[in-house]
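This report covers pockets, nonpolar cores, selected side chains and backbone geometry in one protein model.

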Amino acid sequence: MKILSVSIVLLLLVGFVFQSYSSYVDSTSFDKRGEMIDIGGYSLYVEDIGTGKVTVIFDAGMGDDSSVWNKVAEEVSQFSRVISYDRAGLGWSEESPHDRDSKVIVAELHSVLKDKNITGPIILVGHSFGGVNMQRYALTYPEYIAALVLVDSAHEDQINKMPQTNYLQKYLFKFGMWAAPVGIPRLYLSNTNPEEKAKKSTTKHQYTSLDEAEYFPRSLSELNELTPNFGNLPLVVVARNKASSEIDNTKTRDLVWATLQEDIATRSTNSTIIFSGERQHSIHKRQPEIVVEAIQKLAEKL
């Protein structure tokens, strides 16, 4: 038992040193083309690229940072101004002392846009949880919002309607996040995008992701209370897979998700829904051209 205890302590110590050193190296290894903007005692990392009459603002999904938009943002910056940012506690941004629900996140983003004096016309683009945030932003601050693009957005009814995930898989994944101080996430995060891996590997990022997940039901409830309706605001829903009418009834998860995406599209009388044809949730990473084209068509009309 003594040998086992000493071995565990040594492993934890090695993991802690590995994580601390790797985080330091990561923080100095990447060219941060963005800026840190103070929003009241803590700062958010914001990238501002491109020029144009239209400003396109991106918000990532839960557990993601702004670098997941790189493929899309680079293309969109050729015809519009692009603002992407790391939510508080994620990526290069500093931690926030506030709850990590959508209401607070939207207020923080609004502080960034006020600091940069950004007015209209604005196209909001959100993926997954970022889609919830962008819907709330459009409902809370509608003055300069000219269009909305929701990429496989979360839906306020999904917790009740979607089939439950495997609990073992769920808690194993959470264990990996809890073990961030000893570098466990570095062992399974993808190496495809080194900057994305570096930003996601920090203890700060992993623990903030857990906080956002904890407050996720509240975020959905808050959006539901607003009864989202965007009138005739141009709305494009980019959803994974196929329309519900094309999905076999035995594929419950796919069928329910498609139905939820179709419901989101009914929130505007001026909406379009595009199905990617593939089952991957991160459409903006796997099929960025679909998202770019949707944004460009909207921008050309403004």
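Helices (H or I, at least four residues) and strands (E, at least two) are DSSP runs, numbered from the N terminus. The model is predicted: local features need pLDDT of at least 70, side-chain atom pairs count only at pLDDT 80 or more, and totals for chains, interfaces and linings use all residues. Residues are numbered from 1 along each chain as its sequence is written, and side-chain values use heavy atoms, with hydrogens and water left out.

## Pocket and cavity

Rolling a probe the size of a water molecule over the atoms shows where empty space is left. On a 1 Å grid over the protein atoms alone, a cavity is a set of points where a 1.4 Å probe fits but cannot get out, while a pocket is an open set with protein on both sides within 12 Å along at least five of seven lines; lining residues have an atom within 4 Å of a point. Grid points are joined across faces, edges and corners, and a volume is the space filled by probe spheres set on the points.

The second largest pocket holds about 260 Å³ of space. Its lining has 13 residues, and Val236, Thr272, Lys297, Leu298 and Lys301 are the closest to the pocket centre. Strand E7 (235-239), strand E8 (271-275) and helix H13 (288-301) each give two or more residues to this lining. H13 provides the largest share, 6 residues. By type, the lining has 8 nonpolar, 2 polar and 3 charged residues. Here Ala, Val, Leu, Ile, Met, Phe, Trp, Tyr, Cys and Pro count as nonpolar, Asp, Glu, Lys and Arg as charged, and the others, Gly among them, as polar.

The structure holds 1 cavity of 30 Å³ or more. The largest cavity has a volume of about 30 Å³, and its lining consists of Arg240, Asn241, Ile247, Asp254, Trp257 and Ala258. These divide into 3 nonpolar, 1 polar and 2 charged residues.

## Nonpolar cores

In soluble globular proteins, nonpolar side chains tend to be buried together. A nonpolar core is a set of buried Ala, Val, Leu, Ile, Met, Phe, Trp, Tyr and Cys residues joined through side-chain atoms within 4.5 Å. Buried means under 20% relative accessible area and exposed over 50%, with partly exposed in between (1.4 Å probe, protein chains only).

The largest nonpolar core has 35 residues, of which Ile57, Leu124 and Leu148 touch the most other members. A second, separate core of 26 residues includes Ile49, Val238, Ile283 and Ala294. With residues up to four places away in sequence not counted, Leu124 touches Ile57, Met134, Tyr137, Ala138, Ile145, Ala147, Leu148 and Val149. Contact means heavy atoms within 4.5 Å.

His205 sits in helix H9 (residues 203-214) and counts as buried because its relative accessibility is 0%. Beyond its neighbours within four places in sequence, the contacts of His205 include Gly63, Asp64, Asp65 and Lys199. A polar atom of the His205 side chain lies 2.9 Å from the backbone oxygen of Gly63, and a polar atom of that side chain lies 3.5 Å from the backbone oxygen of Lys199.

His127 belongs to strand E5 (residues 122-127) and is buried, with a relative accessible area of 2%. Not counting residues up to four places away in sequence, His127 touches residues including Asp59, Asp64, Asp152, His281 and His284.

Asn232, in the loop between helix H10 (216-225) and E7, counts as exposed because its relative accessibility is 58%. Apart from neighbours within four places in sequence, Asn232 is in contact with Ser268, Thr269 and Asn270. Its C-alpha is 30 Å from that of Arg286, 54 residues apart in sequence.

## Backbone geometry

Most residues other than glycine have a negative phi, and most peptide bonds are trans.

| Residue | Phi | Relative accessible area |
|---|---|---|
| Ser128 | near 55° | 14%, buried |
| Asn241 | near 70° | 10%, buried |

Ser128 lies in the loop between E5 and helix H4 (129-140). Asn241 lies in the loop between E7 and helix H11 (252-265), and Asn241 is also one of the residues lining the largest cavity.

Which residues does a cis peptide bond join? The bond is between Gly120 and Pro121, with omega about -10°. Pro121 is in the loop between helix H3 (102-115) and E5.

Notes
Polar contact = N/O pair within 3.5 Å; in protein donor to acceptor, adjacent residues only side chain to side chain.
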